[in-house]
Amino acid sequence: MEESERTSIDPQRKADHLCVLVHGLWGNPSHLAYLAESLREKHPVDELNILVAKSNSGTYTYDGIETGGERVTQEIETLLQELERDGAPIKKISVIGYSLGGLIARYAIGLLHSKGWFEKIQPINFTTFATPHLGVRTPLRGYHSQLWNAFGSRTLSASGRQLFTIDTFRDTKRPILSVLADPDSIFIRALSRFKNRSLYANIINDRSAPYYTTAITATDPFVDLDAVTIRYLPKYSPIILDADRPVAPKASQEKQSFYTRLSSSSQGLLYRVPLYTALIALIPVATVVWTVNSGIQSFRSNKRIQVHEKGSGLDGYRIPLLLSNGTNTARGAMSGAFRRMNSTPGQDYLPESSGEETPNGATTPTTDKAPPDNSSSPLELKRTTSRKAEFPTLALSDAQFEMIRNLDEVGWQKHLVHIRDVGHTHAAIIVRMQKPGFEEGKVVVRHWLDEGFEM
């Protein structure tokens, strides 16, 4: 997409549908070029306006979800007002977020809703790609995981604290991700207004935003792909999984023999020896460079946040976030769980139980069920249903289980993505750059345009 199309308005444009694209951490508008170009190829300027948000480019994404959300909201409002003045008012809006951009987008739609825009404009599609809805705190046991949780949360300024859920958002005494998922918040109210809500999650090798957080789930059936049978949509095989019956455990006789598994793992280990050797040499240097740079960027980010807080036009965004005066005992207890989150070691999985649901009512993903009857549209929203878990429950925090329950209550179409050609799938899912290994991501984008984006 040409830069001029992103930043200027064609007076002849009569499209009444606006699609907003929001990039992720360390991102910029060019990261969303393939999404924007694919949208434009399918929907010309007289059908669809496209805004690729640019106010959070680069290290500005360090400044936190709230600040980023307010910036994006200002961009959207400015364009809406300009289009209305030019005689081309917007009647429908869609918002698409990639990675951290999905959380920023969830904040922004809350502000738009609270300011009354959704009374004039119909929210159509809300989609996230590889967005860490539950944060990026790893639920794994061990010193390395605890080190990552403690180190990572303190090297990305406000965004790092929020992604690792150690922040306290305004006067709520809770992390911002908890507030974003509160049923009484303007953010959930806004999300529920969208006609279609969908997400795309990598099932393996997303080292920036793991499967459990991008798919909003308490289980991960894809830890051992040899132990499961994966079912794909025929039209998008072998990339997009069948949403109704994505995965099932293999029968014991289907699993590989011990010798086969040992041989495979040995070959993989030998293949990785050069990589591990290089990492041992580079990690100490990289850690020092990363830490110094993070300190500099965090200092600059804090300064930008202070300037932003003093800026004009923010009064309209400093509004009540929760639409209920009271909170129940369970929610009050969650703040304590958050404070302890990074100070005590966790475990890989919760103990097995005979219960049907995971803690706090959080549901597990459907693994093998019949497709729903009388489905009127491929975009019809399906809620995750509670059932006895076929896979162990991850050792998430109480607050994360609460987020899962609340977000699932809104209703999502969850699309699971199996990308194989690259060792790190986070960028490939949206074809963040033109790269041979990212070709599989083009299937993901095609599925989104064909099945997940309604005009």
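Modeller: A residue is called buried when its relative accessible area is under 20%, exposed when over 50%, and partly exposed in between, using a 1.4 Å probe and protein chains only. This is a predicted model, in which local features need pLDDT of at least 70 and side-chain atom pairs count only at pLDDT 80 or more, while totals for chains, interfaces and linings use all residues. Residues are numbered from 1 along each chain as its sequence is written, and side-chain values use heavy atoms, with hydrogens and water left out.

Biologist: What percentage of the residues in the protein is buried?

Modeller: Helices (H or I, at least four residues) and strands (E, at least two) are DSSP runs, numbered from the N terminus. By that count the protein has 14 helices and eight strands. Of its 455 residues, the buried share is 53%.

Biologist: What share of the contacts with a separation of 6 or more is between residues 24 or more positions apart?

Modeller: A contact means heavy atoms within 4.5 Å. Among contacts with a separation of 6 or more, the part from residues 24 or more positions apart is 79%.

Biologist: How many salt bridges are there?

Modeller: A salt bridge needs a side-chain nitrogen of Lys or Arg within 4 Å of a carboxyl oxygen of Asp or Glu. By this rule the count is eleven.

Biologist: Which helix holds both arginine 405 and glutamate 402?

Modeller: These two form a salt bridge, with the closest N and O atoms 3.0 Å apart. Arginine 405 is partly exposed at 28% relative accessibility, whereas glutamate 402 is buried at 7%. They are three residues apart, about one turn of the helix, and that helix is H13.

Biologist: What is the relative accessible area of glutamate 439?

Modeller: Glutamate 439 forms a salt bridge with lysine 442 (3.2 Å, N to O). Both lie in helix H14 (residues 439–452), about one turn apart. Lysine 442 is partly exposed at 24% relative accessibility. Glutamate 439 is partly exposed too, and its relative accessible area is 41%.

Biologist: Why is the pair of phenylalanine 129 and tryptophan 448 given its class, and which class is that?

Modeller: Rings of Phe, Tyr and Trp (its six-membered ring) pair if their centres lie within 6.5 Å; planes under 30 degrees apart count as stacked, over 60 as edge-to-face, and the rest as tilted. The structure holds ten aromatic pairs. Phenylalanine 129 and tryptophan 448 have ring centres 5.6 Å apart and planes at 85 degrees, so the pair is edge-to-face.

Biologist: How many residues apart are phenylalanine 129 and tryptophan 448?

Modeller: Both residues are buried. Phenylalanine 129 is in strand E4 (residues 122–129) and tryptophan 448 in helix H14. The pair links distant parts of the chain, and the number of residues apart is 319.

Biologist: Over the ring of which residue does the charged end of lysine 120 sit?

Modeller: A charge sits over a ring if NZ of Lys or CZ of Arg is within 6 Å of the ring centre and within 35 degrees of the ring normal. The charged end of lysine 120 is 4.1 Å from the centre of the ring of tryptophan 117.
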